[in-house]
Amino acid sequence: MNRQANVAVIGGGIVGLAFAWTAARSGKSVVLFERDRKAQGASVRNFGMVWPIGQSSGAPHDRALRSRELWSDLASQAAISLDTVGSLHLAYQPDERAVLEEFADRAPDLGFDCNLLTAEETLRRSPSVRREGLLAALWSPTEACVDPRQVIATMPHWLAETHGVQLRYGSIVNAIDLPHVRTTDGETWDVEQAIIGGGAAFKTLFPESFDGSGIRLCKLQMMRTGPQPGGWRLGPMIAGGLTLGHYTAFQVCPSLPALKQRFAATMPEFIRHGIHVMASQNALGEVVIGDSHEYDDAIEPFDKPAIDSLILGYLENMIMFPEPTIAARWHGIYAKHPDRLIFTAEPQPGVKIVTAPGGAGMTLSFGFAEELWKSWG
Ligand SMILES: Cc1cc2nc3c(=O)[nH]c(=O)nc-3n(C[C@H](O)[C@H](O)[C@H](O)COP(=O)(O)OP(=O)(O)OC[C@H]3O[C@@H](n4cnc5c(N)ncnc54)[C@H](O)[C@@H]3O)c2cc1C
């Protein structure tokens, strides 16, 4: 006899975990399939930044704030640490300060809780910030940090223990024809609904659903230090001027096009590799540093030391920390839709594909899962 569950979730990345949690919260029995023994995708390779300030005002920002609440709920129930440190965007050039001022002016109307700090106020928030040349910073209390390795290792077991989610790790789903979900290790499950969050491997099931979608793959290079000595803490997560050109939230600022033009003219190698520089610190004390963005044909299996040097050189002008030696380097790949914050499709009645949250999967997936689950009735 086939095994039974109400809902099959395919993919043990943050999207799959978000849907497994949401379906289980609504009382459904859930089976979660992950092809690897431990999920290895973008969800374990990221900064762990829950980053509402990057999302455009309105529904995307609201969704990010809702996700942030859900992260707090999760952290209070599971053994997952959520560091509610907030964020600082640092301005070392007048055109960067102009964008931050414009954003801070508009923030109350747009629903953002943030304000502009002087250089002295910034240093009081974060002694790690470099004083020389600092003009101002945007402080926002809403950003929070998780350690993705801890989330990806812990959350599935917490789902199993507290919500009865059945885990099938090391199990590849290779065919879905509801009610049947089949795996390469010979299991067949009978389910009412299947939700597929396959990440960068999105084309392994129902590849025709992606025809003409325009979804692209993006590769990011990352680094981290070892634990900083003496319990040193970074404080708020750090972003620099380049980040203002990266996140859609700042597109409301009239000065942004001129800032981007300056970057293109004076920092072409940063722009060519899609580099903007951010830093977070996890509960182990490691500082996580990134990142670059290379798309489609530019993606190679081999990392570029030149990208790491550019990132570290830029970071050195923004922050100081006691032990900057890089302990690990890696890259991650995510899928991104050209316009939509997440791609959904229904290739069969009852089968939902939910993928390509781009660079905001940790920020948006919990909110998206709740919204989409409700909308499916
Ligand atoms: C370097 C980097 C830094 C980032 N930083 C941040 C950040 O700080 N904040 C933020 O919000 N976002 C960040 N992101 C984006 C975020 O990591 C992604 O949006 C998110 O992890 C995507 O989650 P996912 O579940 O769709 O994909 P994945 O994490 O790739 O998970 C998909 C899973 O599905 C499994 N799978 C696929 N097909 C099958 C199958 N047939 N059967 C069984 N299993 C299958 C795969 O093995 C994989 O584990 C970053 C991304 C990268 C790469």
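Nine residues of domain 1 are in contact with six residues of domain 2, where contact means that the C-beta atoms, placed from the backbone, lie within 7 Å. On the domain 1 side, the touching residues comprise four nonpolar, five polar and no charged; Ala, Val, Leu, Ile, Met, Phe, Trp, Tyr, Cys and Pro count as nonpolar, Asp, Glu, Lys and Arg as charged, and the others, Gly among them, as polar. This is a predicted model, in which local features need pLDDT of at least 70 and side-chain atom pairs count only at pLDDT 80 or more, while totals for chains, interfaces and linings use all residues. Residues are numbered from 1 along each chain as its sequence is written.

**Domains**
- Domain 1 covers 3–44 + 149–210 + 339–375 and domain 2 covers 87–141 + 216–336, with bounds from an automatic or database domain assignment.
- Their C-alpha centres are 31 Å apart.

**Ligand shell**
- The ligand is surrounded by 44 residues, the closest being Gly-13, Gly-41, Gly-199, Gly-332 and Gly-361, counted when the C-beta atom, placed from the backbone, lies within 6 Å.

**Helices H1 and H6**
- The axes of H1 and helix H6 (residues 148–163) come within 11 Å and cross at roughly 10°, the axes being lines fitted to C-alpha atoms over the stretch in contact, with angles from 0 to 180 degrees between N-to-C directions; helices are DSSP runs (H or I, at least four residues) numbered from the N terminus.
- H1 is therefore roughly parallel to H6, a term for angles under 35 degrees.
- Leu-17, Ala-20, Trp-21 and Ala-24 of H1 meet Met-155, Pro-156, Leu-159 and His-163 of H6, a contact with seven nonpolar, one polar and no charged residues.

Terms used: Two residues are in contact if their C-beta atoms, placed from the backbone, lie within 7 Å. Helices (H or I, at least four residues) and strands (E, at least two) are DSSP runs, numbered from the N terminus. Angles under 35 degrees count as roughly parallel, over 145 as roughly antiparallel, 65 to 115 as roughly perpendicular and the rest as oblique.
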